[in-house]
Amino acid sequence: MRSTTRFTRSPIHFSVVRYSFFVGSPKLRKTEVLVNTCISAVQHLRLLRGGAQSHLLRASDGACYVTKFQNNPQHVRVLANEMLATNLGLALGLPMPRVEVIEVSDWLIEHTEGLRIKLGGSKIPCRSGKQLGSLYVGCESPGMSFDYLPGELLQSVVNIGDFARALVLDKWTCNSDGRQAIFCRKTLRSQRHYATFIDQVYCFNASEWTFPDYPLRGVYANNCVYEGVMGWEAFEPALSRAEEMDTHAIWRCAADIPEEWYEGDRDGLNRLVEALHHRRGAIRKLITEFRRSSRNPFPNWRESPADSAMPLAASDRSLEAQRL
Ligand SMILES: Nc1ncnc2c1ncn2[C@@H]1O[C@H](COP(=O)(O)OP(=O)(O)OP(=O)(O)O)[C@@H](O)[C@H]1O
Ligand SMILES: [Mg+2]
């Protein structure tokens, strides 16, 4: 049953965030101060499915957010991963829901029975403070959005070409889960769906922040989304954007991550950003390993002389060096 608790106090939170720890990154100087406008949760709508036990919350800006809590059963760092990888994906031009820091008050948690997390046999309150909100895709009416589509409908997804472009992000960030999408249609009669990519929490190998690359990691479960891939142009403009992204731009994607989401491990975040910067040059190779895998995902690929020259030894030193 839908919870109707509403938080009626002043909804907008303003907080001043100092990013002096980014000294060394070209983006921010020691004295620089950013002002961050936070949204806050005003109403609990429902629990969502899935291992992170996300909750759908309405926020002070009027929008609904799929909210992952710091004390989710997976790991606190999955919040940092979702924010960083989604911001990278948006920078590459991928269709992804905007992510925000959403403040959840003690008051809302105390007054909302549903805001609980199941751990083992018991239920604990969701943690208050800064949580991760992913803008809810689609409308609330039933039958308008789907986690999975059968093959025939999948093949007619309006933006099916975006699956190849999403591969750029998933290989770059070593998404150690399958690629997940949500499919929405405009009307109940429509048979055409639009894919939006969600759930980036297993990028950077979940809480590990390592890059154990494997050809079949981070790919979509059904090959049909890749059938139109005939060459490198299918990955553009995402591929060039990733390859050209400098440290400055990568830091910008990480700048809003609250410190508590990565346990104050500033060195770890520094290493993660550096590793991403180095790994840009490995993306084509990682995609090639998937292309040449037993799944044969791109049957229509037109081989070019540059492709056959691409080295694929598992012991490739450049990749090894880029692992954390
Ligand atoms: N931005 C969003 N808009 C609409 N629905 C969403 C959004 N993000 C997640 N969902 C819904 O919530 C479900 C759980 O989300 P998500 O996959 O991110 O969490 P999870 O805990 O990792 O789940 P799982 O372990 O099943 O992968 C999704 O299957 C989807 O139905
Ligand atoms: Mg998921």
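**Sheet, ligand shell and helix packing in a predicted model**

Cys184 stands opposite Tyr194 of strand S11, in a model that is predicted, so that local features are reported only at pLDDT of at least 70 and side-chain atom pairs only at pLDDT 80 or more, whereas totals for chains, interfaces and linings use all residues. Residues are numbered from 1 along each chain as its sequence is written, while chains are lettered from A and ligands numbered from 1 in the order in which they are written. Strands (E, at least two residues) and helices (H or I, at least four) are DSSP runs numbered from the N terminus, and two strands pair if DSSP finds at least two bridges between them.

S10 and S11 run antiparallel and are joined by five bridges. They belong to an open sheet of three strands, in the order S9-S10-S11, with antiparallel pairing. Because strand S9 (145-146) and strand S11 (194-198) stand at the edges and each has a single partner strand, one side of each is left without a neighbour in the sheet. Elsewhere, strand S6 (residues 116-119) and strand S7 (residues 122-125) are antiparallel and joined by four bridges, with Arg116 opposite Pro125 in S7. Two residues lie between the strands of this hairpin, in which Gly120 takes a positive phi near 60°.

The shell around ligand 1 holds 18 residues, the closest being Gly50, Gly51, Ala52, Val137 and Asp199; a residue counts as near if its C-beta atom, placed from the backbone, lies within 6 Å. Strand S8 (129-135) and strand S10 (180-184) are the elements that give two or more residues to this shell. By class, the shell comprises 10 nonpolar, five polar and three charged residues (Ala, Val, Leu, Ile, Met, Phe, Trp, Tyr, Cys and Pro count as nonpolar, Asp, Glu, Lys and Arg as charged, and the others, Gly among them, as polar).

Helix H4 (residues 162-172) packs against helix H8 (residues 283-291) at an angle of about 110°, and their axes are 9 Å apart (axes are lines fitted to C-alpha atoms, for helices over the stretch in contact, and angles run from 0 to 180 degrees between N-to-C directions). H4 is therefore roughly perpendicular to H8, a term that covers angles of 65 to 115 degrees. Leu167, Val168, Lys171 and Trp172 in H4 meet Ile283, Leu286 and Ile287 in H8, where contact requires C-beta atoms, placed from the backbone, within 7 Å.

Most residues other than glycine have a negative phi, and most peptide bonds are trans. In the loop between S11 and helix H5 (238-244), which includes Pro237, a cis peptide bond with omega of about 5° joins Glu236 and Pro237. Phe204, found in the loop between S11 and H5, has a positive phi near 60°.

The mean pLDDT of the protein (the predictor's confidence in each residue, from 0 to 100) is 88, and 84% of its residues reach 70 or more. Over residues 313-324, however, pLDDT is below 50.

Terms used: Angles under 35 degrees count as roughly parallel, over 145 as roughly antiparallel, 65 to 115 as roughly perpendicular and the rest as oblique. Two residues are in contact if their C-beta atoms, placed from the backbone, lie within 7 Å.
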